[in-house]
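Me: I have a sequence and a structure open and would like to learn how to read them. Please take the features one at a time, with the general idea before the case.

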Amino acid sequence: MSETVAAQLDVLKVEALACTACRLSEGRTHVVFGDGSPDADVIIVGEAPGRREDEQGVPFVGPSGKLLDRLLGEIGLERTDVYIANVVKCRPPGNRDPRPDEIEACKGYLREQLRLIDPKVVVTLGNFSSKLLLKTETGITRLRGTAYEWWGRHLVPTFHPAAALRGSAQVLEDMRYDFGLIRDAIDGNLASQDDPEPATTPVSDPDPEQLGLFGR
Ligand code: URA
């Protein structure tokens, strides 16, 4: 296993804990760096810590996390089998959306987490992580339902669990379908992947080489 990866993640975490690159550092209780196995085949990328995550310093420990754990369980995965991170590592005040400059300031941490863990499957929960990683302005409702080929691996976008908690039963059913794609991707059972729609206004660097650390 990857003691080296674990050690490198620890170094990155120490850096993140001291980060003051954006205004979100001013209101945080804890930096929520990430949690899970450095050997994970699956990385799950949420949006931003909420109140409970900020209190505990761990991602997805509130109601959304409970639903996430349930959906993972339904495809035979425990939380300890995956790695969970967010687009921004500090809680936006009042749980407002993260702003573009905050995402920009924070995205290097996510890039390094992805590079170090080098998962087979990346799962993006909701609009922020899906649009950032797929470099698209297309919304999650249209993006989901498909596994995309992404830097030599699979990316499965799905709704954020919070959407299922406040939305209709159909949102949860759609998430179940998408989690089935995660299982298929892990098992090598995906027939084919589509390309994401071309980005019209990239949220992140327009030059993929700038994100080249995602490549192998
Ligand atoms: N929602 C997120 O996007 N991330 C968390 O860590 C918790 C809730």
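Me: In which sense do β2 and β4 pair, and over how many bridges?

Reply: First, the ground rules. This is a predicted model, in which local features need pLDDT of at least 70 and side-chain atom pairs count only at pLDDT 80 or more, while totals for chains, interfaces and linings use all residues. Residues are numbered from 1 along each chain as its sequence is written. In general, strands of a sheet pair through backbone hydrogen bonds, either parallel or antiparallel. Helices (H or I, at least four residues) and strands (E, at least two) are DSSP runs, numbered from the N terminus, and two strands count as paired if DSSP finds at least two bridges between them. Here β2 and β4 are parallel, with four bridges. Within that pair, V45 stands opposite T124 in β4.

Me: What is the order of the strands in the sheet?

Reply: The order is β1-β3-β2-β4-β6-β5, in an open sheet of six strands with mixed pairing. β1 (35-36) and β5 (148-150) are at the edges with a single partner strand each, so one side of each has no neighbour in the sheet. β1 runs antiparallel to β3 (residues 83-86) and is joined to that strand by two bridges; D35 is opposite I84 there. β3 pairs with β2 in the parallel sense over four bridges, where I43 stands opposite Y83. Besides the six strands, the protein has nine helices.

Me: Which strands does helix α9 lie across?

Reply: For angles, axes are lines fitted to C-alpha atoms, for helices over the stretch in contact, and the angle between N-to-C directions runs from 0 to 180 degrees. Helix α9 (residues 169-187) lies across β2 (42-46), β4 (121-125) and β6 (153-158), and runs at about 170° to β6. Over the whole protein, 75% of the contacts with a separation of 6 or more are between residues 24 or more positions apart.

Me: Is β2 mostly covered or exposed?

Reply: Burial is a count of neighbours: a residue is buried if 20 or more other C-beta atoms lie within 10 Å of its own, exposed if 12 or fewer, and partly exposed in between, with C-beta atoms placed from the backbone. β2 is mostly covered, with five of its five residues buried. V42, I44 and G46 point one way, I43 and V45 the other. Across the protein, 43% of the 216 residues are buried.

Me: Which residues have the most contacts inside the largest nonpolar core?

Reply: A nonpolar core is a set of buried Ala, Val, Leu, Ile, Met, Phe, Trp, Tyr and Cys residues joined through C-beta atoms within 7 Å. The largest has 52 residues, and I43, V45, V87, V122 and V123 have the most contacts inside it. α5 gives the most to this core, with seven residues. Apart from neighbours within four places in sequence, V123 is in contact with V42, I44, V45, V156, T158 and I182.

Me: What do the buried residues of α6 pack against?

Reply: Helix α6 (residues 127-134) has eight of its eight residues buried. They pack against β2, α5 (100-117), β4, α7 (140-143), β5 and β6. In the loop between α6 and α7 lies E137, which counts as partly exposed because it has 14 C-beta neighbours inside 10 Å.

Me: Where does F60 lie, and what is its phi?

Reply: Most residues other than glycine have a negative phi, and most peptide bonds are trans. F60 has a positive phi, near 50°, and lies in the loop between α3 (51-56) and α4 (63-74). F60 counts as buried because it has 25 C-beta neighbours inside 10 Å.

How values were computed
Two residues are in contact if their C-beta atoms, placed from the backbone, lie within 7 Å.
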